[in-house]
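Me: I am new to this structure and would like to go through it by question and answer. Please show it here.

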Number of protein chains: 4
Amino acid sequence: MPAYSDQASTAYLLAQYKNVRQATLDLCRPLSPEDLMVQSCPEASPSKWHLAHTSWFFETFVLAEFDRHYQPFHPDFRWLFNSYYNSLGEMPEKKLRASFSRPPLDAILAYREHVDVAIAGLLAQPVADEAARRIVLGLSHEQQHQELIATDIKHALFTNPLHPAYLAQTDGQNSADVIAPPLEWMDFAGGLVEIGITPNPADVRTEAFAFDNETPRHRIYLQPFRLATRLVTCAEYLAFIEQNGYGRPELWLSEGWAVMRAESWQAPLYWHRDDATESGWRIYTLHGFIPLEELSETPVCHISLFEADAFARWAGQRLPTEFEWEHAAAASSLNNKSNNFLENGKLHPMPATPAEGLQQIFGDAWEWTASPYTGYPGYKPLPGALGEYNGKFMSSQMVLRGGSCVTPATHIRATYRNFFTPATRWQFSGLRLAQDSKPTV
Amino acid sequence: MPAYSDQASTAYLLAQYKNVRQATLDLCRPLSPEDLMVQSCPEASPSKWHLAHTSWFFETFVLAEFDRHYQPFHPDFRWLFNSYYNSLGEMPEKKLRASFSRPPLDAILAYREHVDVAIAGLLAQPVADEAARRIVLGLSHEQQHQELIATDIKHALFTNPLHPAYLAQTDGQNSADVIAPPLEWMDFAGGLVEIGITPNPADVRTEAFAFDNETPRHRIYLQPFRLATRLVTCAEYLAFIEQNGYGRPELWLSEGWAVMRAESWQAPLYWHRDDATESGWRIYTLHGFIPLEELSETPVCHISLFEADAFARWAGQRLPTEFEWEHAAAASSLNNKSNNFLENGKLHPMPATPAEGLQQIFGDAWEWTASPYTGYPGYKPLPGALGEYNGKFMSSQMVLRGGSCVTPATHIRATYRNFFTPATRWQFSGLRLAQDSKPTV
Amino acid sequence: MPAYSDQASTAYLLAQYKNVRQATLDLCRPLSPEDLMVQSCPEASPSKWHLAHTSWFFETFVLAEFDRHYQPFHPDFRWLFNSYYNSLGEMPEKKLRASFSRPPLDAILAYREHVDVAIAGLLAQPVADEAARRIVLGLSHEQQHQELIATDIKHALFTNPLHPAYLAQTDGQNSADVIAPPLEWMDFAGGLVEIGITPNPADVRTEAFAFDNETPRHRIYLQPFRLATRLVTCAEYLAFIEQNGYGRPELWLSEGWAVMRAESWQAPLYWHRDDATESGWRIYTLHGFIPLEELSETPVCHISLFEADAFARWAGQRLPTEFEWEHAAAASSLNNKSNNFLENGKLHPMPATPAEGLQQIFGDAWEWTASPYTGYPGYKPLPGALGEYNGKFMSSQMVLRGGSCVTPATHIRATYRNFFTPATRWQFSGLRLAQDSKPTV
Amino acid sequence: MPAYSDQASTAYLLAQYKNVRQATLDLCRPLSPEDLMVQSCPEASPSKWHLAHTSWFFETFVLAEFDRHYQPFHPDFRWLFNSYYNSLGEMPEKKLRASFSRPPLDAILAYREHVDVAIAGLLAQPVADEAARRIVLGLSHEQQHQELIATDIKHALFTNPLHPAYLAQTDGQNSADVIAPPLEWMDFAGGLVEIGITPNPADVRTEAFAFDNETPRHRIYLQPFRLATRLVTCAEYLAFIEQNGYGRPELWLSEGWAVMRAESWQAPLYWHRDDATESGWRIYTLHGFIPLEELSETPVCHISLFEADAFARWAGQRLPTEFEWEHAAAASSLNNKSNNFLENGKLHPMPATPAEGLQQIFGDAWEWTASPYTGYPGYKPLPGALGEYNGKFMSSQMVLRGGSCVTPATHIRATYRNFFTPATRWQFSGLRLAQDSKPTV
C-alpha cells in the first residue's frame with residue numbers, strides 16, 4: 001500500500017493541498033499589507049511571515065529534495081524564512097521578522113504561487129512515499145500556522161490602541177441568550193490503557209498522519225478519574241476573580257504567583273475592566289470588544305496554565321492529565337456539526353449545549369492539562385532537520401489538548417499534543433476540570 | 001511688521017508650508033506602505049507615524065486653537081499621534097507605534113490633506129501673530145521629522161536581513177577618488193562673546209525662527225582655542241580602530257567603556273567586517289553597502305559621543321564645546337553650494353574640499369560637542385504644552401551642532417542645538433577636533 | 001503503635017534531634033561569622049540564615065503549636081526567618097538575606113539553643129503523634145538545609161576572587177590513581193510496578209518518614225529498559241566537550257541551547273581552563289582547585305539538566321525517567337559503607353569501584369532524570385502552611401534522584417524526589433545513562 | 001618651598017595621616033564584622049572593603065613607588081582591592097565585594113597596620129614632593145571613603161528588615177522644637193568671575209590640596225542671580241508631596257519622570273508612610289526611624305537631582321549652577337562652629353539658625369546644582385593611573401557642592417566638586433533654591 005504510487009492518489013493529495021493553501025490566503029483576506037506586518041509580542045510573527053514560511057517549508061523539505069527540476073524562487077529565501085531549524089544553517093532572529101517590509105507582500109504571494117505550481121507539477125505523476133509524507137506533514141504544518149495567524153493577528157489588532165476588529169460580528173453569532181448546561185461529571189474506570197499512535201509507515205494518507213510526538217502507541221496505567229462534561233465558562237471564572245482568586249497565594253503554584261504578580265495579571269488576557277458594562281468587564285475578540293455579560297456562558301480562554309491550575313484548586317478540583325484526557329477523548333465524536341473549529345467562522349469559543357457525554361472536547365478552546373510535555377517511551381524524532389520540529393521543545397512546557405475555535409477541523413485528533421510554557425496566554429487556552437473518582441462502597 | 005497682518009505675508013508663509021509638507025511626502029516616495037510600518041529600534045518610529053504626527057502637530061497647536069471652524073479629522077487622532085506632550089493627556093507608548101497598521105496609509109494621507117486644506121484656508125487671510133508663530137514652529141518641527149524619517153528608515157532597511165537600499169546610487173555620487181585636504185587648525189582668540197539668540201517677538205517670519213533652547217542670547221567667556229578645519233574622516237577613524245582604540249580603557253570615559261563592551265561595539269554603527277573588500281570593511285548607507293575604501297575620505301558618522309571622545313583623546317586632542325563651535329560657526333557661511341544637506345540628495349557625508357576656512361561646519365554630519373545639554377541663563381520654555389518641546393530633555397544628553405546630510409537646508413543655523421544621549425549612534429553623528437591654543441611667546 | 005506515647009520513644013527521638021542539630025553546627029565550624037554572611041547567587045542563602053531558619057521551623061510548626069508554655073525567642077523572628085510560607089504572612093525578599101548582619105551570629109546561636117531547650121523539654125514526656133510527626137519533618141528539613149549549607153558555601157567561597165577552600169584536603173582523599181570500572185548495562189523488564197510510598201499514619205518514627213511528594217504509592221507501567229551501572233565520569237564528559245558538545249545545536253533542547261549560549265557555558269560549573277594543568281582544566285571543590293586529571297574518574301557534577309540531556313544524546317543514550325530509577329533503586333542497598341554521603345567527609349563525588357550491580361545509586365551526585373516534577377495520582381499536600389513545603393513547586397522543574405556527597409546518609413531513600421529547574425548547576429548534580437531494552441530475538 | 005624637605009613638615013603630615021586613619025576606624029567601631037560585610041545596593045561597598053581599599057591606595061600609589069624597602073602585605077591585595085583603575089590591570093567586579101568574607105576582618109586590620117607602619121617609616125625623614133603629594137591625595141581619598149562608609153552603612157542597616165540604628169540618639173541631638181528661619185534671598189551681581197583653583201605645584205601641604213577636577217582656575221561670566229539663604233526643609237518638601245508633586249509631569253525632566261515612575265518613588269529615600277505618626281511619615285536616620293514631625297525643620301536629603309529639580313520648578317525657582325554656588329560660597333565662612341560635619345556626630349542635617357548671610361553652605365546636605373559634571377577649560381587629569389580618579393566620570397553626572405553632615409570637616413572647600421548620576425539618592429543630597437535677579441528699575 002504505497003498510497004501515492006498511482007495518479008488517483010496524487011490527485012487526491014493535490015486537491016487537499018490546494019484546499020489548505022487556499023485557506024491560508026482566505027484567512028488573510030480581511031487584512032491589509034500593513035496588518036500583515038505587525039509583530040506585537042515575542043510569541044507572535046507577522047502574518048506575512050507565516051505566508052512565506054509555510055511556502056518555505058514545502059520548498060525546503062519537498063521541492064528541494066524531491067523535484068530535481070525545481071528552481072528556488074529566490075536564493076535568500078532559504079535562510080530568510082527558516083524559523084528554527086538549526087541543522088539547515090543560520091537564520092534571522094525571530095524578533096527581526098517585524099522588519100521584513102521587503103520582500104513586499106506581492107513577492108511573498110508570488111513565492112506561494114511559485115511553490116504551488118511546482119507542487120502541482122510534482123503531483124501530476126506518482127511520487128515517492130517520502131515525498132508524499134513530507135507534503136502531508138507540510139499541510140499539517142500549514143494548518144498550525146493558520147491557527148497562529150488567527151492568534152497572532154488577534155494580538156496584533158488588540159495591541160493597536162484603536163483595538164480594531166478582524167471581522168465584524170455577523171447575525172446569529174451572538175451567544176448572549178444561551179445558557180450553558182450545568183457542569184456534570186463523567187466517570188472513567190482507568191486501568192491499563194493505550195495512549196498515542198504508532199503509524200503504519202506504508203500508509204502515507206493525510207488521514208493517517210500523526211506528529212512524531214504522538215508516537216509510539218504505548219501502555220500506561222490510569223487510576224479511576226472523572227472529567228467535567230464541559231469547559232469552564234467565563235461566568236465561573238468571573239466568580240473566581242470576584243472571590244479574590246488572584247489574591248490568594250495558597251491557590252497558586254509558586255512560579256505562577258510570581259509571574260502573575262510581576263505581570264500584574266488580574267484577569268485573562270483580553271479582559272478589560274469597563275464600568276460602562278453591566279458585568280464591569282469587556283472582552284476583546286476577533287470581532288472587537290464585547291461586554292462580558294454577552295459572553296458569560298462561553299468557555300473562558302486566553303488563560304495561562306497557572307490560572308487554569310489556580311482556578312481548579314479554588315474549585316476543589318484539579319486539571320486532567322493529558323492521558324486522562326486522551327483516554328476520554330478517544331471515545332468522543334470528532335468533526336461532528338457541533339464542533340467549533342476555524343471553518344465555522346465563529347472565531348470565538350461558543351457555549352456548550354445540553355447533550356449526552358463530553359461536550360467541547362474538540363474545538364472551542366485548548367485544554368490545559370497537568371502534564372508536562374515529554375517524549376513518550378521509545379519516542380524517536382524524525383530524522384534530519386525535521387527532527388527539530390517537535391522534540392527539542394520538550395522542557396518547561398505543558399501539554400494542551402483538543403484544539404480551539406481557530407484550529408482547522410481536519411487538523412485535530414484525540415492523540416494530538418499541543419504544548420506551551422505555563423505562562424502562555426495568547427493562545428485560545430481554557431480548561432476542563434477533573435477529579436479523582438470517589439471510592440465506591 | 002507684525003509680519004502676517006497682510007495677505008502678502010500669509011501667502012509667502014503658505015508657500016513655505018506647501019514646500020515643507022511636500023518634501024515629507026517626497027522623502028517617503030521610494031517606500032512602500034510596508035516599509036512605512038517598520039520600527040527597528042527604540043529611538044526610531046515608523047515613517048507612517050511621522051507622516052501622521054507632523055499633521056497632528058498643526059492640528060493640535062494651530063487649527064484647534066486658531067481656526068474656530070476646524071473639524072478634527074478623527075477624534076482618536078488627538079491622542080493617538082501625540083508623541084510626548086503629557087500636558088495634553090495620555091498617549092500610546094512609543095514602542096506601540098509598530099502596531100499602527102490601522103489607520104491605514106490612505107487614511108494618514110487623507111489626514112495630511114485635511115490638515116493642509118485647513119491651513120491653506122486659515123492662511124487665505126491675515127492671521128494672529130501667534131498662529132503664524134505656531135505654523136513656523138510646525139514647519140521646523142516637520143523638518144526635524146524629515147531628518148528622522150531618513151535616519152529611521154536607514155536603520156529599518158539595515159535591520160532587514162536583506163539590507164535593501166533606500167535609493168540606488170546615481171552617477172557622480174561616488175566619492176571614491178576624492179582626497180580630503182589635510183587636517184589644519186584655525187585659531188580663535190576667545191574672550192567675552194555672545195551665544196544664542198533673543199528673538200524679536202514681533203518678527204514671526206520663518207527666517208527669524210529659533211527654538212526656545214537657543215534663547216536668550218547671553219554672554220560667556222571663552223579661553224583661546226583652535227578648531228580643525230574639517231571633520232574626522234573614515235580613514236582616520238579606521239586608524240583608531242586598527243591601533244586598538246576599542247581595547248584601551250584609558251581612552252574612554254568610564255560610562256563609554258561600559259556601554260561599548262556591553263554592546264560589543266568594535267566600529268561605528270553600519271560598519272561591517274567584510275574580507276571581500278580591500279579595506280576589510282563595508283559600510284551600509286542609504287544606497288546600500290559600499291566598501292569602506294570608497295568612503296575613506298568621507299566624514300565618519302554614526303558614532304556615539306563616547307567614540308568621538310575616545311577618538312579625540314587618542315588623537316591627543318579634544319572635542320569642542322558647543323560655545324566654541326557656535327562662536328566659530330557664526331562667522332561661517334551657510335547655505336552655500338558646498339553644504340551637503342538633504343536637498344542635494346547625496347544622503348551621505350561627502351569629503352571636504354580644499355578651501356579656506358572651516359569646512360563642513362553645516363551639513364554632512366552632526367558634530368558631537370563636549371557640552372551637556374542645559375538651559376541657557378534666563379532660559380524660559382514656551383508656555384503650555386509646547387514647553388515640553390525642548391526643556392524637559394535637559395538631563396543626560398549632549399549637544400550636537402551643525403546638521404547633517406539629511407538635515408533640510410533651511411532648518412539649520414549657527415545657534416541651533418541638537419541633543420542626544422551620549423550612547424546614541426543611529427544619527428548621522430561625527431566629530432571635529434579641537435584643542436587649547438598654544439601660548440604664544 | 002502510636003510510637004511516641006512512651007518515654008523510650010521520645011528519648012530516642014530526642015537523641016536523633018540532638019544529632020541532627022549538632023551536625024548543622026559542625027558543618028559551620030570551619031566558617032567565620034563573615035563567611036556565614038555571604039549570599040553569592042539567587043539560589044543560595046547565607047549559612048547564618050540557614051542556622052536561623054531551621055530553628056524557626058521547629059519554633060513555628062512544633063513549639064508554637066504543641067508547647068503551650070513556649071516563649072518565642074524574639075517576636076520579629078517569626079516573619080524574619082520565614083522562607084516562603086505565604087500562609088504565615090509576609091516575609092523578607094530572599095535576596096535581602098545578605099543584609100542580615102543583625103541579628104548577629106551570637107543571637108542566632110542563642111536562638112538555636114533556646115529552641116533546643118524547648119524541644120528537649122517537650123520530649124521529656126510523651127507527645128501527641130502530630131507533634132512527633134512535625135519534629136521528624138523538621139529533622140528532614142534541617143538535613144536538607146545541611147546539604148544547602150554545603151552547596152551554598154561552596155558557591156560563596158568560589159565566588160570570592162581568592163577561591164579559598166572550605167577545608168584542606170586530608171590524606172587518602174585523593175582519587176587520582178583510581179580507575180572507574182567500564183560502563184556496563186543492567187536490564188530491567190518493566191511491566192506494572194509500584195512507585196512511591198503510602199505511609200502508615202500511625203507510624204511516626206523517623207525511619208518511616210517520607211515527604212508528601214513521595215505519596216501515595218501507586219501503579220505505573222514501565223517498558224523494558226536498561227540502566228548504566230555507574231555515573232558518567234569527568235573523563236567521559238571531557239570527551240563530550242572536546243568533541244564540540246557545546247557547539248552542536250542538534251544535541252540540545254531548544255531552551256538549553258538558548259540558556260547555554262546566553263550564559264556562555266563551555267563546561268560544568270566550577271571547571272576553569274588552566275593551561276598549567278595536564279588536562280587543560282582545573283575544578284573547584286570544597287578542598288579548593290584540583291587539576292581535572294586528578295578527578296577524571298570521579299562522576300561529573302554541577303551540570304544542568306540541559307547538559308546532562310545533551311551528553312546523553314551525544315552518547316546515543318538517554319536519561320532515565322524517575323520511575324525507571326526508583327524501580328531500579330528499590331532493589332539497591334542503601335547506607336552500606338560504599339555510599340559517599342556527607343558524613344564520610346569526602347565532600348566530592350568519588351570514583352565507582354568494581355562491583356556487582358548498580359554503583360553510586362545513593363550518594364556521590366544527584367542524578368538528573370527525564371521526568372518533570374509533578375504530583376502523583378491522588379497526591380495531597382500536607383494541610384495548612386506545611387502544604388506549601390513541596391506542592392507549590394510543581395511546575396517547570398525536573399526530578400533528581402539518589403542524593404549526593406553532601407546529602408546526610410539518613411536523609412535519602414529510593415522514593416526520595418529532589419527537584420530543580422533544568423538550568424540549575426549549583427547543586428552536586430550529575431547523570432546516569434539509560435536506554436530502551438533491545439528487543440531479544 | 002618644597003614643604004616636606006624637612007622633618008618638621010613630615011612630622012606634621014604624619015600627625016594628619018594618623019588622625020585621618022584613626023577616624024576611619026572610629027567610624028567602624030559601632031559595627032560588627034558581619035555589619036562590615038553588607039553591600040546593599042550597586043552604589044555601595046561593604047565597609048570592610050573600604051577599610052582595605054583605602055590602605056591599598058597608600059600601598060599602591062605611595063609605598064610601592066616611593067619606599068624601596070616596602071614589602072607588600074599580600075601579593076593578591078594589589079588587584080583584589082583595586083576599585084576602578086584599569087591602568088593597573090584587572091580587578092574584581094564591584095558586586096563581588098559582598099563575597100569578600102576572606103580575607104577576614106583581622107587580616108584587613110593587620111593590613112591597615114602594616115601600611116601605617118610603613119608610612120610612618122617613610123615620613124620619619126624628608127620625602128620627595130611627589131610622595132608627600134600622594135600621601136595628601138591619599139588622605140583626601142580616605143576621607144571620601146569615610147563619607148562612603150557612613151552613607152553605605154546607613155543603606156545597609158536600613159535594608160535589614162529590622163532597620164537597626166547605627167548609633168542610638170544622644171541627648172540634645174533632637175531638633176524637634178527648633179524652627180528654621182524663613183527662606184530669604186541673597187543677591188549676587190555676577191559678571192566676570194573666577195572659578196576653580198590653580199594649585200602651586202611647590203606647595204604640597206594638605207591645606208593647599210585640590211582635586212584635579214577643580215583645576216585650573218579660570219574666568220567665566222555670570223548673570224546676576226540670587227540664592228536662598230538656607231536649604232529646603234522637610235516641611236517644605238512635604239508640601240510638594242502633598243500638593244501632588246510626584247503626580248505632575250510638567251514639573252519633571254522627562255528622564256526624571258520615567259525613573260520616578262519606574263522606581264515608584266513617592267518621597268525621598270528613607271521616608272516611610274506611617275499612620276502612627278502625626279505627620280503620616282517617619283524617616284530612617286543613622287539613629288533609626290524618627291517621626292517626620294521631629295525633623296520637619298531639618299534640610300530634606302536623600303533626594304535625586306530629578307526631585308530637587310522638580311521641587312524647584314514647583315516652587316517657581318530653579319537650582320543654582322555650580323558656578324553661582326562657588327562664587328557665593330567663596331565668600332562664606334568655612335569650618336566655623338555652626339557647620340554640621342561628620343566630626344560633630346549629629347549624623348543628620350540640622351535646622352538652619354537665624355543668622356546673617358548664607359546658612360548651611362558647608363555641611364548638612366550636598367546641594368544638587370544645575371551643572372553637569374565636565375572638565376574645566378584646560379583641565380588635565382593627573383598623569384598615569386591616578387588620571388582615572390576623576391576625569392573618566394565626566395559624562396551623565398551632575399555636580400553637587402558643599403559637603404554634608406557625614407563629610408569630614410577638613411575635606412571640603414568652596415571649589416570642591418562632588419558628582420553623581422541624576423537618579424542617585426543614597427547620598428545625603430538636598431537642595432538650595434536659586435533665581436535670576438529681578439531687573440531693577
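What follows is a set of questions on chain contacts, a helix pair and some backbone details.

This is a predicted model, in which local features need pLDDT of at least 70, side-chain atom pairs count only at pLDDT 80 or more, and totals for chains, interfaces and linings use all residues. Residues are numbered from 1 along each chain as its sequence is written, chains are lettered from A and ligands numbered from 1 in the order in which they are written, and side-chain values use heavy atoms, with hydrogens and water left out.

Me: How much area do chain B and chain A bury between them?

Reply: Contact means heavy atoms within 4.5 Å. The contact takes 29 residues from chain B and 29 residues from chain A. Buried area is the accessible area (1.4 Å probe) that two parts lose on being put together, summed over both. Of the area buried here, 61% is on carbon and sulfur atoms, and the total is about 2,200 Å².

Me: Which residues of chain B lose the most area to chain A?

Reply: Three residues together make up 33% of what the side of chain B buries. They are Glu34(B), Arg102(B) and Leu162(B).

Me: Which residue of chain A forms a salt bridge with Arg102(B)?

Reply: A salt bridge is a side-chain nitrogen of Lys or Arg within 4 Å of a carboxyl oxygen of Asp or Glu. Across the interface of chain B and chain A there are four salt bridges. In the one with Arg102(B), the closest N and O atoms are 2.8 Å apart, and the partner is Asp35(A).

Me: Which salt bridge joins chain C and chain A?

Reply: The contact takes 28 residues from chain C and 28 residues from chain A, and about 2,100 Å² is buried between these chains. The rule finds one salt bridge across this interface. Its closest N and O atoms are 4.0 Å apart, and the pair is Lys380(C) and Asp436(A).

Me: How far apart are the closest C-alpha atoms of chain B and chain C?

Reply: No contact joins chain A and chain D, whose closest C-alpha atoms lie 13 Å apart. Chain B and chain C are also without contact, and the distance between their closest C-alpha atoms is 13 Å.

Me: Are helix 1 and helix 4 of chain D roughly parallel or antiparallel?

Reply: Helices (H or I, at least four residues) and strands (E, at least two) are DSSP runs, numbered from the N terminus. Axes are lines fitted to C-alpha atoms, for helices over the stretch in contact, and angles run from 0 to 180 degrees between N-to-C directions. Helix 1 (residues 7-28) and helix 4 (residues 105-122) of chain D pack at about 170°, with axes 11 Å apart. Angles over 145 degrees count as roughly antiparallel, so helix 1 and helix 4 of chain D are roughly antiparallel.

Me: Where is Pro216(C) found?

Reply: The peptide bond from Thr215(C) to Pro216(C) is cis, with omega near -10°. Pro216(C) lies in the loop between strand 2 (191-195) and strand 3 (218-222) of chain C.

Me: What is the phi of Ser264(A)?

Reply: Most residues other than glycine have a negative phi, and most peptide bonds are trans. Ser264(A) is in the loop between helix 7 (254-262) and strand 5 (271-273) of chain A. Although Ser264(A) is not a glycine, its phi is positive, at about 55°.

Key: Angles under 35 degrees count as roughly parallel, over 145 as roughly antiparallel, 65 to 115 as roughly perpendicular and the rest as oblique.
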